[in-house]
Amino acid sequence: VQLQAFGGGLVQAGGSLRLSCAVSVSIDTVSRMGWYRQAPGKQRELVASVSSGGSTNYADSVKGRFTISKDNAKNTVYLQMNSLKIEDTAVYYCNAILRGSTFWGQGTEVTVSS
């Protein structure tokens, strides 16, 4: 299983970005897709996840600003990030749990400037 994340970049505070994660298998078979992030000097943390049934979960710090969604036909998961804050600066990774195994994408960097 391969995951390729893209869409990161440099954005001003208050702006928006949409991250995409292309998955090499049908995401219908994936138990859960998630976005994590790791800021410099910090541990990787869960940002948002979506289950195979469509249930979503968000970190408190991004609730109301970020939205995770998936397009099963395109085997792609998205993370729409609005009202970005400087503290959202991090490398963002997509993650898939499939048949009890965990797979990671390569990460895409998001930098929010003042």
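Which residue stands opposite Cys-21 in E8? That residue is Val-77, and the pairing belongs to the six bridges that join E3 to E8 in antiparallel fashion.

## Basis of the model

This is a predicted model, in which local features need pLDDT of at least 70 and side-chain atom pairs count only at pLDDT 80 or more, whereas totals for chains, interfaces and linings use all residues. Residues are numbered from 1 along each chain as its sequence is written, and side-chain values use heavy atoms, with hydrogens and water left out.

## Overall architecture

The secondary structure of the chain comes to zero helices and eleven strands, where helices (H or I, at least four residues) and strands (E, at least two) are DSSP runs numbered from the N terminus. The radius of gyration, taken over C-alpha atoms, is 13 Å, close to the 13 Å that the globule rule (2.2 Å times the number of residues to the power 0.38) gives for 114 residues, so the chain is as compact as a globular protein of that length. Along the principal axes, the C-alpha atoms fill a box of roughly 40 × 25 × 25 Å.

Buried residues make up 41% of the 114 residues; here buried means under 20% relative accessible area, exposed over 50%, and partly exposed in between, with a 1.4 Å probe and protein chains only. The chain exposes about 5800 Å², of which carbon and sulfur atoms supply 45%, the accessible areas coming from the Shrake-Rupley method with a 1.4 Å probe and, for residues, only the protein chains shown counting as cover. Among contacts with a separation of 6 or more, 51% are accounted for by residues 24 or more positions apart, a contact being heavy atoms within 4.5 Å.

## Strand E8 and its partners

Five of the six residues of E8 are buried, so this strand is largely enclosed by the rest of the structure. In E8, Thr-76 is the bridge partner of Asp-71.

E7 and E8 form a hairpin with four residues between them. Asn-75, in the loop between these strands, has a positive phi of about 50° although it is not a glycine.

## The nonpolar core

The largest nonpolar core has 30 residues, and those with the most contacts inside it are Met-33, Trp-35, Leu-79, Met-81 and Tyr-92. Strands E1 (3-6), E3 (17-23), E4, E5 (45-51), E7 (66-71), E8 (76-81), E9 and E11 (108-113) each supply at least two residues of this core. Such a core is a set of buried Ala, Val, Leu, Ile, Met, Phe, Trp, Tyr and Cys residues joined through side-chain atoms within 4.5 Å. In soluble globular proteins, nonpolar side chains tend to be buried together.

Leaving aside neighbours within four places in sequence, Leu-79 is in contact with residues including Leu-17, Leu-19, Trp-35, Val-47, Phe-66, Ile-68 and Tyr-92.

## Buried polar residues

Arg-37 lies in strand E4 (residues 32-38) and, at 5% relative accessibility, counts as buried. Its side chain makes a polar contact of 2.7 Å with the side chain of Glu-45 and another of 3.4 Å with the side chain of Ser-61; a polar contact is a pair of N or O atoms within 3.5 Å, where within protein one must be able to donate a hydrogen and the other to accept it, and residues adjacent in sequence count only if both atoms are side-chain atoms. Not counting residues up to four places away in sequence, Arg-37 also touches other residues, among them Phe-66, Asp-88 and Tyr-92.

Asn-95, in strand E9, is buried as well, with a relative accessible area of 2%. With neighbours within four places in sequence left aside, the contacts of Asn-95 include Leu-3, Met-33, Tyr-36 and Trp-104.

Strand E9 (residues 90-98) runs antiparallel to strand E10 (residues 101-104), and four bridges join them, with Leu-98 having Ser-101 as its bridge partner in E10. The two strands form a hairpin with two residues between them. Arg-99, in the turn, has a positive phi of about 50° and is exposed, with a relative accessible area of 70%.

Lys-85, in the loop between E8 and E9, counts as partly exposed at 36% relative accessibility. Beyond residues up to four places away in sequence, Lys-85 touches Arg-65 and Val-112. Lys-85 and Asp-28 are 57 residues apart in sequence and 33 Å apart in space, C-alpha to C-alpha.

Conventions:
Two strands pair if DSSP finds at least two bridges between them.
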